[in-house]
Amino acid sequence: MAETILSNEPNHDTSETSKPTSIPQTTTENKRDLQQIDSAFALQEYLQSLIRADKDNLDALVELPPGQDQETWQYEHLRQLCLELNYLVVQLEVECTRQSCPEMKADEWQYLCAAHQAPTNCCAIDYIVHTLDGATTLLNSHKYFPSRISIPETSLKHYQSIARRLYRIFAHAWFHHREIFEAFEAYHSLFNDRTEFRVVGNMALLPIKTKLRGPPSLAPAPPTENDVIDEALDLFRANCLFRNFEIQGNADRVLIYLILFISDCLSCLGKAGKNTSQKEAIKILNSRALDNFALPGDPTFPLNALYASPGSDAARQELANRLVERVYVDGKQSKWWMSFQKKKFMNKSL
Ligand SMILES: [Zn+2]
Ligand SMILES: [Zn+2]
């Protein structure tokens with residue numbers, strides 16, 4: 001069964017322009033029977049069930065369902081694209097600002113915003129929000145798309161321009177906010193699908209890469225592969241922006257635990273002050289890693305309902321060391337990380 005952690009209160013401040021209320025829900029529910037597609041909304045549900053079943057199977061996602069016409073199917077894809085881009089925008093807003101990206105660029109290309117009377121040189125985040133709003137409005141327009149079951153011939157010309165403009169949002173994220181782009185593509189642990197790991201309680205005992213001495217309580221991971229600690233570091237900032245998080249497997253519980261610990265580490269570094277040297281930071285966080293922690297199962301652990309087994313201090317220590325490597329750039333604390341010291345994952349903390 002999938003579980004969802006709900007944030008106590010909204011924990012991100014978005015602008016007036018985009019306010020998705022939840023991340024796309026994913027469940028193990030099987031593909032819906034095509035027979036059931038008898039209403040306009042059923043086609044959308046069918047597409048979403050394909051995404052849930054296997055979001056990486058692009059062939060299956062674009063394959064025209066029997067009995068449907070291509071225009072209607074493409075229309076649903078465009079709508080779905082808008083929906084998902086809203087989640088990307090929420091994450092981009094953290095670092096894509098008028099200052100960081102005064103122009104809408106993808107690599108060397110620059111784009112003018114078509115949402116105005118005359119093409120306008122909007123900054124990237126404005127371009128993105130205007131374009132997404134424009135596309136959503138057009139797709140919901142009664143004039144051009146009066147029915148979701150059949151699309152007027154004359155409205156098809158809008159598909160290409162919508163797709164082309166929306167694509168630029170991905171391109172901007174890819175070229176200028178790579179970390180966010182990658183986190184957006186996968187915010188759950190990739191280890192959820194792997195069954196070879198031992199499970200204690202309901203947490204997977206995942207292998208980690210570590211140079212630490214002493215009896216490793218966790219199996220070693222191949223040095224060239226990403227382990228769950230890399231995942232936690234990659235996904236931390238994106239996951240902090242979600243209002244809920246659906247646990248899709250035992251590896252996600254490990255991921256969440258590590259994300260909470262990252263939060264805790266950042267707030268320790270915040271308290272230590274921004275002049276703390278990298279060396280001191282390692283010392284502070286390593287001793288923090290060995291502190292007595294509310295572990296899953298303890299009465300004070302914030303997410304007790306979800307956990308049935310203890311966490312690992314070896315993993316915490318390893319994480320502390322790798323976190324410092326990321327937070328410190330040229331011996332200084334990076335503001336992209338430190339700005340998250342007060343942003344709590346689902347408003348929970350260790
Ligand atoms: Zn940007
Ligand atoms: Zn604009």
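The report below covers the model, the chain as a whole and the annotated site.

## Basis of the model

This is a predicted model, in which local features need pLDDT of at least 70 and side-chain atom pairs count only at pLDDT 80 or more, while totals for chains, interfaces and linings use all residues. Residues are numbered from 1 along each chain as its sequence is written, and chains are lettered from A and ligands numbered from 1 in the order in which they are written.

## The chain as a whole

The protein chain has 11 helices and 8 strands, taken as DSSP runs numbered from the N terminus (helices H or I, at least four residues; strands E, at least two). Of its 350 residues, 30% are buried, a term that requires 20 or more other C-beta atoms, placed from the backbone, within 10 Å of the residue's own. Among contacts (C-beta atoms, placed from the backbone, within 7 Å) between residues at least 6 apart in sequence, 70% join residues at least 24 apart.

## The annotated site

An unreviewed UniProt entry places a "binding site" at Cys-96, Cys-101, His-172 and His-177. These residues span 82 residues in sequence, yet no two of their C-alpha atoms are more than 10.2 Å apart, so they gather at one spot. UniProt positions follow the numbering used here, feature names are shortened, and annotations may be inferred rather than shown by experiment.

## Two histidines

His-172 belongs to helix α5 (residues 157–176) and is buried, with 25 other C-beta atoms within 10 Å. Leaving aside residues up to four places away in sequence, His-172 touches Met-104, Lys-105, Ala-106, Ala-124 and Ile-128.

His-177 is also buried, with 21 other C-beta atoms within 10 Å.

Technical notes:
Buried ≥ 20, exposed ≤ 12 C-beta atoms within 10 Å, placed from the backbone.
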